[in-house]
Amino acid sequence: MDAESGPGLLRFITCGSVDDGKSTLIGRLLYDSKLLFEDQLAALSAASKKSGTRGDDLDFALLLDGLSAEREQGITIDVAYRFFATNKRKFIVADAPGHEQYTRNMVTGASTAELAVILVDARKGVLTQTRRHSYLVSLLGIRRIVLAVNKIDLVGYSQERFESLEREYRQFAEHTALRMTAIPMSAAEGDNVSERSRHMPWYRGPTLLQYLETVQLDAPAAGLPFRMPVQWVNRPHQDFRGYAGRIASGEIRAGDRAVALPSGRECRIERIVTWEGDLASAASGLCVTLTLTEDIDLSRGDVLAAADAPPPSADQFEATLIALHANAILPGRSYKMKIGSATVSAIVAPLKYKIDINSWQHLPAERLELNEIGVGELELDRPIAFEPYERSRELGGFILIDRITHDTVAAGMLHFALRRSQNVHWQTLDVNKQARAAQNGQRPGVIWLTGLSGAGKSTIANLVEKQLHAAGRRTYVLDGDNIRHGLNKDLGFTEQDRVENIRRVAEVSKLMVDAGLIVLVSFISPFRAERRAARALFGAGEFIEVFVDATLADVERRDVKGLYRRARSGQLKNFTGIDSPYEPPEQAEIHLDMSRLTLEQAVERVVEFMRRRQAEA
């Protein structure tokens, strides 16, 4: 049910393809409203002093020139927020670039918007980027859109062209939850932006500004219980401990019972503290600091929720993913995931399908490239409190971050928790890793040898194991070629298969270390992200990375298996060092420079490291 939004603040985004006229439209709205964004007003004031004219009388073209100058300075890669107002409403408009490579910025702008103005150039029609942006705003929870058929003056103010584009877009929008109002306009000439156009007597609907001033927005979902992600623990002195955050939904009162998630510990709200003083109650959208009557362990990323209606917690989900980076989203690769105020580790496994936004078909997907949209499953390293995105943007929306570059590679929306995350529980066993290690009389761990094919990893692993075994240590070697005869026989050598290859071996290594063994892993493992993800599975000091450093020239010269010759001739694709990259370790525990060390010296370095490690246990 719709509720009149009244004269309050409206957040909207302008989007569409390149050169559809977004900046011109925003410039026209700002100019016509006579209340310009702060920085622009200062620039116009300075210009008016030079010219001797009043700032509000400056030519409209001056404002447009200012916007163009901003774009030349590189602001196209950001989201610019413009503020303006009329006597009926205040507005914040997110101005995101239309280029495909900047889709991430459009997603950022739309994530807090309540309405979208989607521009279409009347000459070019509905383009792929138009459909992409429309589908994205739908995914992000926006339901009201304006289809602004812009540059209508360049097609002779044609009613037939406008109605044709409106029909085409409505047919597309049938596959979404979007509710659309179409307006023919010329942002450059001002037709139907704030004033009705005398060139289109056939159009009887509102101008864009009239629509924005009076549109009825969906009321926030009524009755959602109290939820507040904890942003930080506020402890200015020993006698005060508060938990600060922004209330995502519901209302809380002093004295109410609450529950901390994912721990499940119950507590009672003692005070609701703000800069203006204590409050008796606080509702959605307010930033507060809560103090509790109980002393419980809470930290950033936890969620305080109504005790009688807490959100679920889980560690496995189905989710929609929007790829935002040139580096593809790969199943099996570990990413940092930020959701609410929490940061966890997440693996995409598997991808179910990607969506063709032109045909709406679900297509098979082994990876998601830049701007592709798909649905897949996520596995987290620990449970989180969540809500489906359709109920809560704060507890259902997330981003994925590359662990090495720290780039945001995807945005996503949680659909639901997988049943297995609720039905499968960790079984506590009485005999643990420490007991097994004590019985074996050794400090378990994994010796992870990485390097180019032919660098000597397997030979070193074999000789190190012989010496450790002779010294009474319990060991096992996991060799790349051997594992591909069984556990990983279904995997090829694409980038995504290599990611999964290492993920499986890392999990097996973890089990063997838990059994109290010293495991020697001999894998090329070319990508830092996968080696880092493997390291994260182990406790402090349990993962020993050994970089077997041999030059490409040396390994090609030896080429015992003939693999480099085959790769150079094109018979062997995706071969590390030839047409697939190798990312050397940045901080390996042991660096074996094989151009300076003999095989025996390399083996002795590893064995000596393990002797010292055992002695320190």
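At 2% relative accessibility, Ser525 counts as buried, where buried means under 20% relative accessible area, exposed over 50% and partly exposed in between, with a 1.4 Å probe and protein chains only. The model described here is predicted, so local features need pLDDT of at least 70 and side-chain atom pairs count only at pLDDT 80 or more, while totals for chains, interfaces and linings use all residues. Residues are numbered from 1 along each chain as its sequence is written, and side-chain values use heavy atoms, with hydrogens and water left out.

Ser525 is placed in the loop between strand 28 (518-522) and helix 14 (528-535); helices (H or I, at least four residues) and strands (E, at least two) are DSSP runs, numbered from the N terminus. Asn192 also has a positive phi without being glycine, here near 60°. The loop that holds Asn192 runs between strand 7 and helix 7 (208-214), and with 1% relative accessibility Asn192 counts as buried.

Pro350, for its part, lies within strand 21 (residues 342-355).

Six strands form an open sheet in the order 3-4-2-5-6-7, and the pairing is mixed; two strands pair if DSSP finds at least two bridges between them. Strand 3 (80-85) and strand 7 (179-184) stand at the edges with a single partner strand each, so one side of each is left without a neighbour in the sheet. From one strand to the next, the twist averages 25°; axes are lines fitted to C-alpha atoms, for helices over the stretch in contact, and angles run from 0 to 180 degrees between N-to-C directions. In general, strands of a sheet pair through backbone hydrogen bonds, either parallel or antiparallel. Strand 3 and strand 4 (residues 90-95) run antiparallel and are joined by six bridges. Within this pair, Arg82 stands opposite Val93 in strand 4.

Helices lie across these strands. Helix 4 (residues 103-110) lies across strand 2 (9-16), strand 3 and strand 4, and runs at about 160° to strand 2; contact means heavy atoms within 4.5 Å. Helix 5 (residues 128-139) lies across strand 2, strand 5 (115-121) and strand 6 (144-150), running at about 175° to strand 5.

Charged side chains complete the picture. Side chains of opposite charge can pair when their charged atoms come close. A salt bridge is a side-chain nitrogen of Lys or Arg within 4 Å of a carboxyl oxygen of Asp or Glu, and by this rule the count comes to 33 salt bridges. In helix 17 (residues 599-615), Arg611 and Glu608 are three residues apart, about one turn of the helix. Their salt bridge brings the closest N and O atoms to 3.0 Å apart. Arg611 also forms a salt bridge with Glu604, again with the closest N and O atoms 3.0 Å apart. Arg611 is partly exposed at 42% relative accessibility, Glu604 is partly exposed at 33%, and Glu608 is partly exposed at 30%.

Elsewhere, salt bridges that share partners join Asp490, Glu500, Arg503 and Arg504 into one network. Within this group, the side chains of Arg504 and Glu500 meet at 2.8 Å, N to O. Arg504 and Glu500 are four residues apart in helix 13 (residues 495-514), which means that about one helical turn separates them. Arg504 counts as buried at 18% relative accessibility, and Glu500 is buried too, with a relative accessible area of 15%.

Lys22, found in helix 1 (residues 22-33), is buried yet has no salt bridge. The nearest side chain of opposite charge, Asp20, is 5.8 Å away from Lys22; Lys and Arg count as positive and Asp and Glu as negative, while His and the chain ends are not counted. The side chain of Lys22 does reach the backbone oxygen of Ser17, at 3.1 Å.

Technical notes
Polar contact = N/O pair within 3.5 Å; in protein donor to acceptor, adjacent residues only side chain to side chain.
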